[in-house]
Amino acid sequence: MTSKPPATVLRLAVPAPLRRLFDYTAPPDIAVDRLRPGHCLRVPFGRREATAVLLELAQESELDVAQLRAASRLIDEELLIPERLLQLCRWASAYYEYPVGEVFAAALPKRLREGREPPRTAWTLSLRGRGLPEGAPRRAKSQARALSLLRERSHSNDELRDAGISSAVMRELLAKELVVRCTASPGLPASDLRESPPELAPEQREAVSAIAAGDGFRCHLLNGVTGSGKTEVYLQLIARCLEEGRQALVLVPEIGLTPQTLARFEARFACTIATLHSGLAEGARFEAWEAARNGSAGIVIGTRSAVFTPLARPGLVVVDEEHDASYKQQDGFRYSARDVAIKRAQLEQVAVVLGSATPSLESLHNVDRGRFQQHLLRSRRGGGALPRLRTIDLRGLPLEAGISAELLAAIRQTAEVDQQQVLLFLNRRGYAPTLQCHGCGWVAECDHCSARLTVHLGRDRLRCHHCGAQQRLPRHCPDCGGRHLLTRGLGTEQTEAFLRAQLSCPVLRVDSDSMRGHDAMQTLVDLGRSARTAVILGTQMLTKGHHFPGVQLVGVIDADALMFSADFRGEERMAQLITQVAGRAGRERSGAQVIVQTHHPEKALFGALASGDYAGIAAQLLAERRGAGLPPTGQLAMIRADAPEERAGEAFLDELRRALPPLPDDCRLIGPLPAALSRRAGLFRWQLWCLAASRTSLRRALDALVGDAEKKKRPRRLNWFVDVDPIDVA
């Protein structure tokens with residue numbers, strides 16, 4: 001029986017907009033047998049150098065091996081991407097129809113993408129060093145002694161120095177390729193607790209026992225009303241994970257939640273906790289990534305991209321507020337961190353816990369199909385009770401800054417008389433969404449988007465909330481020269497100004513304009529904890545799981561803005577937003593209330609929300625989606641083409657559709673159609689939708705469309721992309 005010839009070809013994932021691997025030979029100073037899938041190398045690619053990930057070793061290439069370029073160098077001797085993470089990234093590339101090299105680029109920290117070697121504080125034997133006999137080299141006693149120590153385990157610089165081994169000796173061994181730098185091998189993360197956990201309620205105890213009892217992969221939906229103690233369930237599951245010497249990965253939807261979550265976890269656990277999010281300095285981000293990879297961090301808390309963080313000993317994955325749309329990346333690599341987290345848990349053979357008071361229809365559908373195990377937490381902890389919800393019929397009522405006299409009276413009673421906090425929800429930042437000339441009717445519109453400019457009075461600016469373009473607020477109409485310019489519509493700035501004029505207590509505005517920087521978010525957290533009398537006015541940022549123990553009144557100023565949407569998910573999101581923002585009230589005291597202003601109080605949805613029946617709303621919406629063949633019962637993907645010429649994207653997508661082979665009977669194409677926001681940042685946007693009854697049929701159609709799109713010559717500056725399981729139709 002003849003043995004296979006040794007591998008000579010490296011098959012690498014290079015960050016490039018091509019859906020394929022690239023063949024190289026090993027760096028001149030590295031033997032091929034030293035390389036393994038998961039190694040990172042610098043390679044020449046066109047006129048630049050890039051960091052590539054080794055995925056396969058092969059005996060031959062489609063090209064003559066002599067024609068292949070050699071990789072420049074090995075970035076690090078250690079496998080920086082473990083096997084399961086390699087599998088995850090390859091799965092994500094195939095599932096989301098995205099170039100595999102770009103997927104790995106998204107998974108690596110900036111330091112490695114730039115080709116910089118990770119800082120190493122310890123030494124270990126190289127493959128060549130392990131092959132030396134005991135006592136070698138015999139004529140260099142210090143070197144032999146160092147090698148003898150490293151045969152036992154890796155040693156840090158400090159440990160070698162204490163043993164009498166100088167840095168000069170280690171440099172000599174490095175020059176002989178007998179040792180390599182590495183990360184100091186950490187011990188198991190501490191499983192000690194800083195505080196004793198509280199006694200669990202029966203439903204919490206049942207959830208912890210059921211989730212902890214399982215072995216291997218299982219997806220659990222922790223469906224608990226707001227304030228029911230979902231976080232405490234996470235904490236006690238993580239404590240068990242640490243006791244087993246394993247790590248926990250916890251995903252949160254927003255950066256703003258990270259300090260709050262971190263503080264809660266640090267108060268409970270004595271182990272190292274690594275945090276990963278875009279607000280960190282690059283050095284701190286890499287340190288956290290490395291602590292997760294080498295196992296010194298027992299808990300990793302992060303936002304969306306943290307799902308790709310390597311873990312030395314994964315034991316549990318938690319996705320908090322699993323319904324939140326922030327888990328879906330909306331540009332570039334358009335992945336869902338929630339869905340990737342589930343796949344990662346499956347590959348790692350560990351449990352994954354999805355938590356929410358308003359579970360996504362996708363998760364509830366998976367419960368119905370038996371794929372997820374559901375655990376219900378029906379009652380609040382800490383003495384609070386679910387607030388009473390009622391509507392105000394706005395038809396015919398006078399409004400000031402969007403607020404009715406009845407809501408203003410309730411605000412005054414709660415804040416000024418009862419000395420309690422009030423939370424007001426208005427999902428539109430700025431002063432007003434439209435500036436209009438009273439003389440000729442001119443409206444301020446964005447030059448680059450099919451959208452109107454929003455008035456930001458405090459900054460004296462007109463701004464586009466789609467492309468970011470801005471200009472000074474005009475003093476006269478550019479068309480007729482008239483000076484009578486009117487603001488139309490409603491925004492948080494306008495309502496804030498009105499409330500400040502009406503109330504004697506502080507008014508805090510919470511939106512992406514006012515909450516800039518860590519200090520601003522910390523001010524909100526501190527105010528919530530203090531329970532000082534205040535009115536907190538904000539956008540969706542208020543619905544993200546913040547704990548405000550002093551809030552006794554929640555007001556939804558404009559529910560109708562949530563109700564009418566071009567997106568088929570509009571009613572689901574409305575129910576989630578109102579339920580979540582209502583859940584900020586009465587968390588530690590009974591008697592709280594929620595007031596919803598609407599022109600349509602007769603809608604059945606408001607009645608269901610008033611009775612706390614989110615499950616009933618979800619069941620009805622699922623039945624409607626099933627009848628229409630829409631997600632989650634149907635499968636959906638979209639190909640979009642953006643171009644500076646108005647019809648170029650339409651023509652490109654129409655050619656793709658015409659060239660497509662016959663589709664399965666359960667699959668259909670819709671379009672090309674202009675996007676809901678047909679022009680953004682100077683580009684016209686066209687969409688081709690693919691709807692199928694099964695994932696297999698959808699994949700067949702997408703593979704054909706993508707394959708043809710990659711071969712097709714396209715107009716200059718036309719870009720296209722695929723969005724699988726899209727959540728935004730704009």
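In this tour, Ala, Val, Leu, Ile, Met, Phe, Trp, Tyr, Cys and Pro count as nonpolar, Asp, Glu, Lys and Arg count as charged, and the remaining residues, Gly among them, count as polar. The model on the screen is a predicted one.

**First stop: the cavity**

Rolling a probe the size of a water molecule over the atoms shows where empty space is left. The structure contains one cavity of 30 Å³ or more, and the volume of the largest cavity is about 50 Å³. Select Tyr95, Arg695, Leu698, Arg699, Leu702 and Val724, which line this largest cavity. By the grouping given above, the lining is made up of four nonpolar residues, no polar ones and two charged ones. Which helix gives the largest share of the lining? Display helix 22 (residues 695-711), from which four lining residues come.

**Second stop: the parallel sheet**

Strands of a sheet pair through backbone hydrogen bonds, either parallel or antiparallel. Next, select the open sheet in which six strands follow the order 16-26-25-17-24-23, with parallel pairing. At its edges stand strand 16 (388-393) and strand 23 (507-510); each has a single partner strand, so one side of each lacks a neighbour in the sheet. Looking along the sheet, one finds a twist that averages 20° from one strand to the next.

Now focus on the pair formed by strand 16 and strand 26 (residues 593-598), which are joined in the parallel sense over six bridges.

Move to the open sheet of five strands, whose order is 2-1-4-3-5 and whose pairing is antiparallel. Strand 2 and strand 5 are the edge strands, each pairing on one side only. Within this sheet, select strand 1 (residues 9-13) together with strand 4 (residues 48-58): five bridges join the two in the antiparallel sense. Arg11 has Glu56 in strand 4 as its bridge partner.

How many salt bridges does the structure hold? There are 37. One of them can be displayed by selecting Glu77 and Arg34, whose closest N and O atoms are 2.2 Å apart. Glu77 is in the loop between strand 5 (73-74) and helix 1 (83-95), while Arg34 is in the loop between strand 2 (22-24) and strand 3 (40-45); the pair therefore ties together parts that lie 43 residues apart in sequence.

**Last stop: details of the backbone**

Select Pro631 and Pro632, and inspect the peptide bond from the one to the other: this bond is cis, with omega near 10°. Pro632 belongs to the loop between helix 20 (614-628) and strand 27 (635-643). A further cis peptide bond runs from Gly671 to Pro672, with omega near 10°. Pro672 is part of strand 28 (residues 667-680).

Finally, select Glu321 in the loop between strand 13 (314-320) and helix 12 (337-348). Is phi of Glu321 positive or negative? Phi is near 50°, a positive value in a residue other than glycine.

Note on methods: Residues are numbered from 1 along each chain as its sequence is written. This is a predicted model: local features need pLDDT of at least 70, side-chain atom pairs count only at pLDDT 80 or more; totals for chains, interfaces and linings use all residues. Side-chain values use heavy atoms; hydrogens and water are left out. On a 1 Å grid over the protein atoms alone, a cavity is a set of points where a 1.4 Å probe fits but cannot get out, and a pocket is an open set with protein on both sides within 12 Å along at least five of seven lines; lining residues have an atom within 4 Å of a point. Grid points are joined across faces, edges and corners, and a volume is the space filled by probe spheres set on the points. Two strands pair if DSSP finds at least two bridges between them. Axes are lines fitted to C-alpha atoms, for helices over the stretch in contact, and angles run from 0 to 180 degrees between N-to-C directions. A salt bridge is a side-chain nitrogen of Lys or Arg within 4 Å of a carboxyl oxygen of Asp or Glu.
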